[in-house]
Amino acid sequence: MKQDNYDFVNPPHYKEGGKEVWEMMIDIWGVDAFITFCEINAFKYRMRLGKKPEQPIERDLSKAKWYENKAIELKRR
């Protein structure tokens, strides 16, 4: 698969098996643990912005925003 068409935030292999990985994580560890996981991952991605060689800052920023938005969404349920 060409890199310019690849979804680095939600890659296809995260959607195999009928559920997305994040949905399986909630099934296993519960929503509160997953919200915490999201907040920690968002922090991690923001802390390393611009520090990965030859990787665009936007990629890690997109990942951080995905985790932040998912945590917000799940807190509103």
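Mentor: Let's start with Glu54, which sits in the loop between H2 and H3. Helices (DSSP runs of H or I, at least four residues) and strands (runs of E, at least two) are numbered from the N terminus. This is a predicted model, in which local features need pLDDT of at least 70 and side-chain atom pairs count only at pLDDT 80 or more, while totals for chains, interfaces and linings use all residues. Residues are numbered from 1 along each chain as its sequence is written, and side-chain values use heavy atoms, leaving out hydrogens and water.

Trainee: How do I read a phi angle, and what is phi of Glu54?

Mentor: Most residues other than glycine have a negative phi, and most peptide bonds are trans. Phi of Glu54 is near 60°, a positive value in a residue other than glycine. Just after H1, Gly30 also has a positive phi, about 95°.

Trainee: Is Glu54 buried or exposed?

Mentor: Buried means under 20% relative accessible area, exposed over 50%, and partly exposed in between, with a 1.4 Å probe and protein chains only. Glu54 counts as exposed because its relative accessibility is 80%. Lys44, which lies in helix H2, is partly exposed at 34%. Lys65 belongs to helix H3 and is partly exposed at 41%. Of the 77 residues of the protein chain, 25% count as buried.

Trainee: How many helices and strands does the protein chain have?

Mentor: There are three helices and zero strands, and along the sequence the pattern reads α-α-α.

Trainee: Which residues of H1 are buried?

Mentor: Here is the general idea. An α-helix has 3.6 residues a turn, so residues three or four places apart point the same way. In H1 the buried residues are Trp22, Met25 and Ile26. They cover an arc of only 100° around the axis, which puts them on the same side of H1. That arc is taken from the directions from the helix axis to the C-beta atoms. The face of H1 turned away from this buried side carries the exposed residues Asp27 and Ile28.

Trainee: What do the buried residues of H1 pack against?

Mentor: They pack against H2 and H3. Contact means heavy atoms within 4.5 Å. Between H1 and H2, residues Trp22, Met25, Ile26 and Trp29 of H1 meet Val31, Ala33, Phe34 and Phe37 of H2.

Trainee: At what angle do the axes of H1 and H2 cross?

Mentor: Axes are lines fitted to C-alpha atoms, for helices over the stretch in contact, and angles run from 0 to 180 degrees between N-to-C directions. Angles under 35 degrees count as roughly parallel, over 145 as roughly antiparallel, 65 to 115 as roughly perpendicular and the rest as oblique. The axes of H1 and H2 cross at roughly 130° and come within 7 Å. H1 and H2 are therefore oblique to each other.

Trainee: Which residues of H3 are buried?

Mentor: They are Arg59, Asp60, Lys63, Ala64, Tyr67, Lys70, Ala71 and Leu74. Seen down the axis of H3, they fall within an arc of 140°, so they line one face of the helix. Their cover includes helix H1 (21–29) and helix H2 (31–47).

Trainee: What separates the C-alpha atoms of Lys44 and Lys63?

Mentor: Lys44 and Lys63 are 19 residues apart along the chain, and their C-alpha atoms are separated by 9.9 Å. For Lys65 and Phe43, 22 residues apart along the chain, the C-alpha separation is 9.9 Å.
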